Amino acid sequence: MTSRIPRDSRLRLVRPRPLAAAPSAVNERRPRRPAPRPPEGTPAPAELARMARSGLAAAARVARWADNALGPGRDAATADGKATLSETTAERAASDLGLTTDRIRADWDTARLAGLVEVHGDSARPGWRLRAWDRDDSAVLRGWVALFDAWSLASPEPEEQEPAAVAEVVTAMPQVLSFLQLSAGPVPVEQLLDLLRQRVTELRTERCEVPYGAGTEPAAPLVAPVPVDVDPAEPAQDAELAPLLDWALHALAAVGALTCGGGQATLTPLGSWAVWVKLEQICVAAQSPAGNIEQSAEGMLRGCAQLRPNAARAEYRAWLAARTVGSAVSELLLAARGDDALLRGLAFEALRVVGAPAEPDVRAVVEEPALRPYALLWLAEHDGVDPEDAHEVLTREEATWLWVDTAAAVADHGEAPMLVRHLESALQPTVPALLTEVRAVGHPRTVQVLVALAAAHPDPALAKAVRRAAFQVHTGGS
């Protein structure tokens, strides 16, 4: 059977599906590949989480203060609708917590980058990770990894350096971090500088390659190449890269990923673990469900997150059979209202199993911004619209909001290649157009999504554009 949708080169929005429903050629009954074991000497997850809680304690304190002091009907976090604290709010927080305003602003930025606090217009609310801070080690570790991914935003860029050179170093640092992780000990900074110089030279050479056949007219790139006034055949100069490497190492030290001293750099246990996780492209995954019938809706959905679609639907049916329809639907919608985008998508998948009895409750949440796109798609499919065409009921803004929300679920619970593939499901025809509309839609997870996408994407030019957009959203710039 062939698709009724004509193929074209534009990116288009596809029907959002939970991670459990991601396409795969693997047979349902095929056993999953066992997760790789971390290197010998890696602390246990509980110990890693303790380290992460310690490193993010100041950010969590500011986030909890914001939870109590800011929000609808109370004082605003900002005066201009941007994510930076207003002067009045920063001074109030400094007074309440006994800190300087500069320390408050730094901890506030860390809390936002780690997903501990989310800004909605001029109000703030705690992120789902803060809610789970004391009971869920995986939420704590994911918050720290989000901060680790955003290390280049956590410290100001050197003002005297060209933005193109800064972007090159940020793009090259994963190779430097990988070398540090494999070395499993202190490495001289001079050796890291040599590695950075080689990698930057490779990046400059790659930008000058022409990947088209002779006589082929190249298509217009999604992102304009970065102009660099240097002969790509010449190696990057130490004098140019040394201060940038120093900035990168101190920025990574500021988020707790490594330590610097005596002309050497060493990954911390958290930093080594995070780099290993990136290298192995694994995620903290829920175990196979057991006793889901007795779980809350949130617990059941988390237990089903890693199941194949058929197995997940069987779990939904079993869970629903043990409850009245009204209470089950209410509990699923309550889970969908939380801050975890994965649970939002899974909750509406479970509501599809409920079917017609859930219609009144789903219609009742159409006016809730966070649930509206999901509810509209559910209602369209319930009314008989082909699932492939259901996205047409969404406005462009609603579709973009849903794209960011789904990307947040992938960033929190999926693997890097899945996030890169999600880029192809956007409605916008080009990446610059997507970034413009993503910034305008105002999703509270925009910065984290863009940072994760930039860290995952293999195209340096595209990653640079996405990273720039994340920085602009983070600072409230244009």
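In this predicted model, three strands form an open sheet in the order β3-β5-β4, with antiparallel pairing; two strands are taken as paired if DSSP finds at least two bridges between them, and helices (H or I, at least four residues) and strands (E, at least two) are DSSP runs, numbered from the N terminus. Because β3 (187-188) and β4 (258-261) stand at the edges, each with a single partner strand, one side of each is left without a neighbour in the sheet. Strand β5 (residues 264-267) runs antiparallel to β3 and is joined to β3 by 2 bridges, and within β5 it is Q264 that stands opposite P188. Helix α8 packs on this sheet and touches β3, β4 and β5, its direction making about 80 degrees with that of β5; contact denotes heavy atoms within 4.5 Å, and axes are lines fitted to C-alpha atoms, for helices over the stretch in contact, with angles from 0 to 180 degrees between N-to-C directions.

The loop between α8 and β3 contains A184, which has a positive phi of about 55 degrees although it is not a glycine. With a relative accessible area of 70%, A184 is exposed, where buried means under 20% relative accessible area, exposed over 50% and partly exposed in between (1.4 Å probe, protein chains only).

Helix α22 (residues 460-475) comprises 16 residues and reaches 22 Å from its first C-alpha to its last, close to the 22 Å expected at 1.5 Å a residue, the expected span being 1.5 Å times one less than the number of residues. At the start of α22, a side-chain oxygen of D459 comes to within 3.0 Å of the backbone nitrogen of A461. The buried residues of α22 include A461, L462, K464, R467 and H474, and among the elements that cover the buried residues of this helix are α4 (101-113), α7 (151-154), α8 (163-183), α20 (431-441) and α21 (446-456).

The structure holds 0 disulfides, defined as pairs of cysteine sulfur atoms within 2.5 Å. C260 counts as partly exposed at 35% relative accessibility, whereas C304, at 0%, counts as buried. Across the protein there are 22 helices and 5 strands, and buried residues make up 47% of the 478 residues.

Residues are numbered from 1 along each chain as its sequence is written, and side-chain values use heavy atoms, with hydrogens and water left out. As the model is predicted, local features need pLDDT of at least 70 and side-chain atom pairs count only at pLDDT 80 or more, while totals for chains, interfaces and linings use all residues.

Conventions
A polar contact is a pair of N or O atoms within 3.5 Å; within protein, one must be able to donate a hydrogen and the other to accept it, and residues adjacent in sequence count only if both atoms are side-chain atoms.
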